[in-house]
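This report describes one protein model, beginning with a sheet and moving on to ring pairs and overall dimensions. Look at the sequence and the structure first.

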Amino acid sequence: MFIPLSEVDTEYREGGEERNNFYFYQRDHNIPVEVKITRLPPFFNAELNWHRHKYVEEFSVPLIGEIVVKEEQQDGKIKETAHSVAILKKDEWVVGIECSGTKRIKLLIEAKSGKRREQVVEFLPKFVEGTNWHAVGNPTNNMTTMVTLKRVPRSILKKDPLVFQVDRESKVL
């Protein structure tokens, strides 16, 4: 299933976050996936969005710039992982996303010149954030844009169609 950027809503959040939300599960219940393109302002503080999930698994990679994923380990220590290999090149933007399952998405990317290309993003379990407290921030003085893939087992979505909205516990600091 393909969803063009022109058909998705934009959400504005505290701290200057801006998101485009691709709800594949709302269009096809056999695709229990949600994808978000999030713009983070310079020095966006990860402390603003500590959260965890019971069922939702998520995975974030930069489209433009660099992100830092913070995740609390079982011993209470915070593990920080920097991701600085961005998907987009200069003057490119995502114009749509294709998804047919829970393992990968395909970004349709268009350059300012009108040239188009596709980029597959695999859901890599070793980078999954989910049940532990986690947060993502922008450590740079430039705007950063990331793509976040979220998925749940089909059986969970079938039991609770609102799982993506309700399976988020925020940490109050």
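## The open sheet

An open sheet is built from 5 strands in the order 2-3-4-13-6, with antiparallel pairing. Strands here are DSSP runs of E with at least two residues, helices are runs of H or I with at least four, and both are numbered from the N terminus. Two strands pair if DSSP finds at least two bridges between them. Strand 2 (9-12) and strand 6 are the edge strands, each pairing on one side only. On average, neighbouring strands of this sheet are turned by 25° against each other, direction ignored; the axes are lines fitted to C-alpha atoms, and angles run from 0 to 180 degrees between N-to-C directions.

Strand 6 and strand 13 (residues 144-151) run antiparallel and are joined by 7 bridges. Phe 59 stands opposite Leu 149 in strand 13. Strands of a sheet pair through backbone hydrogen bonds, either parallel or antiparallel.

## How the model is read

This is a predicted model, in which local features need pLDDT of at least 70 and side-chain atom pairs count only at pLDDT 80 or more, while totals for chains, interfaces and linings use all residues. Residues are numbered from 1 along each chain as its sequence is written, and side-chain values use heavy atoms, with hydrogens and water left out.

## Aromatic pairs

Rings of Phe, Tyr and Trp (its six-membered ring) pair if their centres lie within 6.5 Å; planes under 30 degrees apart are stacked, over 60 edge-to-face, and the rest tilted. By this rule there are 3 aromatic pairs. Tyr 23 and Tyr 25 form an edge-to-face pair, 5.8 Å centre to centre with 70° between the planes. Both Tyr 23 and Tyr 25 are buried (under 20% relative accessible area with a 1.4 Å probe, protein chains only; exposed is over 50%, partly exposed in between). Ring pairs also link Tyr 23, Tyr 25 and Phe 164 into a cluster.

The ring centres of Phe 59 and Phe 123 are 5.8 Å apart and the planes are at 40°, so this pair is tilted. The pair links distant parts of the chain, 64 residues apart: Phe 59 is in strand 6 (residues 57-64), and Phe 123 is in the loop between strand 11 (116-122) and strand 12 (134-137). Phe 59 and Phe 123 are buried.

## The whole chain

The protein chain has 3 helices and 14 strands. Its C-alpha atoms fill a box of roughly 50 × 40 × 30 Å along the principal axes. Of the 173 residues, 47% are buried.
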